[in-house]
Amino acid sequence: MFLEALGAAALGLALAWAVSRRLPHRLPARSLVLSTGVAGGLFGAFLTHTALGSGFYPVILFGAAIVSAALLSLLLRPAERFRRRSATA
């Protein structure tokens, strides 16, 4: 179980690092992005481990990556070029 948690945290950190390098202009502070990735990975591993039990290590890591990616997507801000101004502004 310790290796599952360690692997999920490392996977979440790697995913958050990749996202922060790819889209720095659309994300908040890097420390928030990295900690959200790790927390999402750990929570996803916990959720998947609770649902399936302990014998499905690759599936648990896949669940950790999915939850981490979902939490990181909530941090994205809209791009400036797509932002429209209202007529009253």
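Predicted model: local features only at pLDDT ≥ 70, side-chain atom pairs only at ≥ 80, totals over all residues.

The layout first. Of its 89 residues, 28% count as buried. If you take contacts between residues at least 6 apart in sequence, 70% of them join residues at least 24 apart.

Now the packing. Two packed helices are described by the angle between their axes and the distance between the axes. Start with helix α2, residues 30–52, and helix α3, residues 57–73: their axes cross at roughly 140° and come within 7 Å. That angle makes α2 oblique to α3. The crossing of α2 past α3 is right-handed. On the α2 side, the contact includes V33, T36, G37, G40, G41 and F43, and on the α3 side V59, I60, G63 and A64 are among the residues they meet. Sorted by class, this contact of α2 with α3 holds 10 nonpolar and nine polar residues, and no charged ones.

The other pair is helix α1, residues 2–22, against α3. Here the angle is about 35° and the axes are 9 Å apart. This crossing of α1 and α3 is right-handed. From α1 the contact takes in L3, E4, G7, A8, L11, G12, L15, A16 and V19, and from α3 it takes in Y57, I60, L61, A64, A65, S68, A69 and L72. By class, the contact of α1 with α3 has 13 nonpolar residues, three polar and one charged.

Next, the core. Which residues form the largest nonpolar core? There are five of them: A16, L27, V33, L72 and L75. In soluble globular proteins, nonpolar side chains tend to be buried together. L72 is worth a look on the screen. Not counting residues up to four places away in sequence, L72 touches L15, A16, V19, V33, T36 and G37.

The second residue is T48, which sits in helix α2. Is T48 buried or exposed? Its relative accessible area is 13%, and buried means under 20%, so T48 is buried. Leaving aside neighbours within four places in sequence, T48 is in contact with G53, V59, I60, G63 and A64.

Definitions and conventions:
Residues numbered from 1 in each chain as written. Heavy atoms only, no water. Core = buried A, V, L, I, M, F, W, Y, C linked by side-chain atoms within 4.5 Å. Buried < 20%, exposed > 50% of the residue type's maximum accessible area, 1.4 Å probe, protein only. Contact = heavy atoms within 4.5 Å. Axes fitted to C-alpha atoms, helices over the stretch in contact; angles between N-to-C directions. Helix = DSSP H or I, 4+ residues; strand = E, 2+ residues; numbered from the N terminus. Parallel < 35°, antiparallel > 145°, perpendicular 65-115°, else oblique. Left-handed = near helix turned anticlockwise from the far one by under 90°. Nonpolar A, V, L, I, M, F, W, Y, C, P; charged D, E, K, R; others polar.
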